[in-house]
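Here are some notes to read with the model open.

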Amino acid sequence: MTHPTLLNVPLTDPDLDIDGDVYVFPRYLAGTTCIGDPALAPLMQLGWELTHDALGNAYLNAPDHKVRLGFLPEGDDDGLWRINAYEDRFGPPAWGVSFNDSCPTEFVTAFTTALAQAYQDGPEHYLARPGPTDTELDAFNAVVPLINRGWKFQHPRWGVLELQTPDGMAGLEYATGRLDAERELTTLEVRWYMWGGPKNGYARWYATASTSTPTALVKAITLSVSDPAPLPRWKDFLPRGLREHAQLVPVTPQPTPVPTPLDVHRTAPRRRPALTTRSVPRWSTTTTPSAILPARPSRPRR
């Protein structure tokens, strides 16, 4: 059965070269593309410096060296993407965001696109802290897209505001209270924690954002995660755990098969046999052939 939301989303664009043979819905079950270029592009277009290490990891540095991005396929853990911003280029990070190696690349691209715009707008945007008077109210702006698209609040837990999708396959956790700034940058004990995919297996993705991450940048992620539009993928490269839960729609609809002669015969309307001419006995005043036959001899009655 086709998901009702999918019916309202244009699936093909003749002007685009689709990188995939299926569309995956919902998009939080699409998995990674394993290609970092789309997420690096918004920042590279601003002239950020790109370097590599001997292992093949890539690093982007803003011209003022106050924002740094690492694409770390050969890193020490599953944190494929790490982005930090600094008020003082020689000081500790003001905020940090990470995406693991199973996260759909489109979510990272949504973040780096918003970051590129914030960087162009100035430090007051890419270093903007949540509202000082009511940080939780300010953070709610990043949660609104999820609520508007059907995500549900879960049973309250001490110190955690949690939402999940109706199918339970993606969620967001917002930690309240005071957190350790250093642990936020090195562990999953963070202010913002987003996840998606099956609970068991390597197909599960996550994204994190520390306390001082600008709310507008976090919102860029939640908007992309909850976007109803499907994502193109190559079916054979999708992990089994995702294929079992996602809806897959071919990018190119299957052509209508040419009917065989047998199909034509089976579907042809059945015709009733035509009436043939037949003789119908009628009452007549003419002499019938039986009238000229010789009469039978009568037998004497006893």
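Contact here means heavy atoms within 4.5 Å. Keep in mind that this is a predicted model.

1. Start with helix H2 (residues 37-44) and helix H3 (residues 105-121), whose axes come within 8 Å and cross at roughly 5 degrees. Angles under 35 degrees count as roughly parallel, so H2 is roughly parallel to H3.

2. Which residues of H2 and H3 meet? On the H2 side look for Pro 38, Ala 39, Pro 42 and Leu 43. Across from them, H3 brings in Thr 105, Val 108, Thr 109, Thr 112, Thr 113, Leu 115 and Ala 116. By class, the contact of H2 with H3 has 7 nonpolar and 4 polar residues, with no charged ones.

3. Next, have a look at H5 and helix H7 (residues 215-226): their axes come within 8 Å and cross at roughly 10 degrees. H5 and H7 are therefore roughly parallel to each other. From H5, the contact takes Asp 138, Ala 139, Asn 141, Ala 142, Pro 145 and Leu 146. H7 supplies Thr 215, Val 218, Lys 219, Thr 222, Leu 223 and Ser 226. Sorted by class, the contact of H5 with H7 comes to 6 nonpolar, 4 polar and 2 charged residues.

4. Stay with H5 for the surface. Leu 137, Phe 140, Ile 147 and Phe 153 make up a nonpolar patch there, and together they have about 360 Å² of accessible area. Which helix gives the most to the nonpolar patch? That is helix H5 (residues 135-148), with 3 residues; Leu 137 lies in this helix.

5. The peptide bond joining Phe 25 and Pro 26 is cis, with omega about -5 degrees.

6. Cys 34 is also worth a click, and it is found in the loop between E1 and H2. What is phi of Cys 34? Its phi is near 65 degrees, a positive value in a residue other than glycine.

How values were computed: Residues are numbered from 1 along each chain as its sequence is written. This is a predicted model: local features need pLDDT of at least 70, side-chain atom pairs count only at pLDDT 80 or more; totals for chains, interfaces and linings use all residues. Side-chain values use heavy atoms; hydrogens and water are left out. Axes are lines fitted to C-alpha atoms, for helices over the stretch in contact, and angles run from 0 to 180 degrees between N-to-C directions. Helices (H or I, at least four residues) and strands (E, at least two) are DSSP runs, numbered from the N terminus. Angles under 35 degrees count as roughly parallel, over 145 as roughly antiparallel, 65 to 115 as roughly perpendicular and the rest as oblique. Ala, Val, Leu, Ile, Met, Phe, Trp, Tyr, Cys and Pro count as nonpolar, Asp, Glu, Lys and Arg as charged, and the others, Gly among them, as polar. Patches are made of residues with over 30% relative accessible area and no salt bridge: like charges are joined within 9 Å, nonpolar side chains (Val, Leu, Ile, Met, Phe, Trp, Tyr) within 5 Å. Accessible areas come from the Shrake-Rupley method with a 1.4 Å probe; for residues, only the protein chains shown count as cover. A salt bridge is a side-chain nitrogen of Lys or Arg within 4 Å of a carboxyl oxygen of Asp or Glu.
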